[in-house]
Amino acid sequence: MIVTLTANPSLDRTVELTAALAVGEVQQAAAAREDAGGKGINVARVLAAAGDDVLAVLPLAEGDPYAAAAEGLVPLVAVPVSGRVRANLTITDPEGTTTKLNLPGATLSAAEQEALIDAVVAACAEHHPSWLALCGSLPQGTSPSFYVDVIRAVRTRVDAPPLIAVDTSGDALTETVAHGYPDLIKPNELELAELVGQTLPADVPIEQAVNVLARDLVPHKVGAALITLGGDGAVLVRDDVWHASIPPGVQVRSTVGAGDSSLAGFLHAFSRGGSEQELLVSAVRHGSATASLPGTQLATPDDLPGGTVAVTHLSAAHTSQKGT
Ligand SMILES: Nc1ncnc2c1ncn2[C@@H]1O[C@H](COP(=O)(O)OP(=O)(O)OP(=O)(O)O)[C@@H](O)[C@H]1O
Ligand SMILES: O=P(O)(O)OC[C@@]1(O)O[C@H](CO)[C@@H](O)[C@@H]1O
């Protein structure tokens, strides 16, 4: 079992254009779709499609249209709140360019935040998941240390607490890494650079650049880092550091949910006892599969690309730069 928390879910509206977005112009759209989104829901959906047991916790007001969109997707624990789920807008074009407009989302009161934490603790105490994934931005009204509060509550109130993965950004990621010691983080290269407060070295390949930036994080502040690099694949920094390229022939349609699918791919392979290389390859194959699908349509096993994923060993993570 894997439990996810989506603190700030979103009804994802996607508009598909037949030409590149022309800012300030009127354009005809080819198609539109609506998906019940939010990072933790997406992670749970990919895992469920891959055959894993999942439970997705989220705040949800009575009568919110999101409930109908999410019905039957994955088992949910909906914590009653007063604010409505936001709608995020995605615009895609035939070149595979994805433009995304994300709203701040509902405001959660202190009591609603407590109820959300209690629901996560209860889900972990009842189902003994191997992983808890805390996913996405935080709703308005929460402190940037909200995920730290969730982690502390789970680690102190649950017997044999799960491993904890965190996929967020900005201050929420900074706080979580400073005070929460997550077992796994999943930043992209820009989120990683912001987290460590450095720019990416420009004179080396991107996988080497993120390897350099991640060295001070693993294992001192986080157990492992899965750093996704869009079309450049992903890097896993754990006992060793590995880079995996994307498989050949992937036609990008919408990258929304690609990073969530990467995290799900990692967790799926982990729950089957995969090696570090297998965790990373599974992450990249699931991410690339979702990138090839429209809107927030998420990878199922049938969508996984068939081509070989090239994996390169970059270094041993724990030797880091000590003494240099
Ligand atoms: N252009 C692309 N071509 C092929 N695969 C891609 C492309 N972009 C993303 N992917 C796949 O999706 C994974 C995650 O992508 P990315 O690094 O963009 O995640 P992200 O920034 O967390 O995105 P999001 O939060 O929108 O899901 C990549 O590691 C890769 O497997
Ligand atoms: O504002 P957040 O929580 O960072 O991101 C929200 C979101 O962009 O994440 C998912 C894709 O990863 C989408 O379903 C959703 O719209």
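At what angle do the axes of helix α6 and helix α7 cross? They cross at roughly 30° and come within 10 Å, with α6 spanning residues 189-196 and α7 spanning residues 206-214. That makes α6 roughly parallel to α7 (the class for angles under 35 degrees). The crossing of α6 and α7 is left-handed. E189, L192, A193 and V196 of α6 meet I206, V210, L213 and A214 of α7, where contact means heavy atoms within 4.5 Å. Seven of these residues are nonpolar, none polar and one charged.

This is a predicted model, where local features need pLDDT of at least 70 and side-chain atom pairs count only at pLDDT 80 or more. Residues are numbered from 1 along each chain, and side-chain values use heavy atoms, without hydrogens and water.

Helix α1 (residues 39-49) and helix α8 (residues 258-271) have axes 8 Å apart, at an angle of about 45°. The two are therefore oblique to each other. Their crossing is right-handed. The contact joins K39, N42, V43, V46 and L47 of α1 to D260, S261, L263, A264, L267 and H268 of α8. By class, it holds six nonpolar, three polar and two charged residues.

Now the ligand. Ligand 1 is surrounded by 21 residues (a heavy atom within 4 Å). The closest are N188, T228, G230, G233 and G259. K39, part of the α1 contact with α8, also places a polar side-chain atom 3.3 Å from an oxygen atom of ligand 1. For T228, a polar side-chain atom lies 2.9 Å from a ligand 1 oxygen atom. G233 uses a backbone N or O atom, 2.9 Å from an oxygen atom of ligand 1.

Terms used: Chains are lettered from A and ligands numbered from 1 in the order in which they are written. Axes are lines fitted to C-alpha atoms, for helices over the stretch in contact, and angles run from 0 to 180 degrees between N-to-C directions. Helices (H or I, at least four residues) and strands (E, at least two) are DSSP runs, numbered from the N terminus. Angles under 35 degrees count as roughly parallel, over 145 as roughly antiparallel, 65 to 115 as roughly perpendicular and the rest as oblique. A crossing is left-handed if the near helix is turned anticlockwise from the far one by less than a right angle, and right-handed if clockwise. Ala, Val, Leu, Ile, Met, Phe, Trp, Tyr, Cys and Pro count as nonpolar, Asp, Glu, Lys and Arg as charged, and the others, Gly among them, as polar. A polar contact is a pair of N or O atoms within 3.5 Å; within protein, one must be able to donate a hydrogen and the other to accept it, and residues adjacent in sequence count only if both atoms are side-chain atoms.
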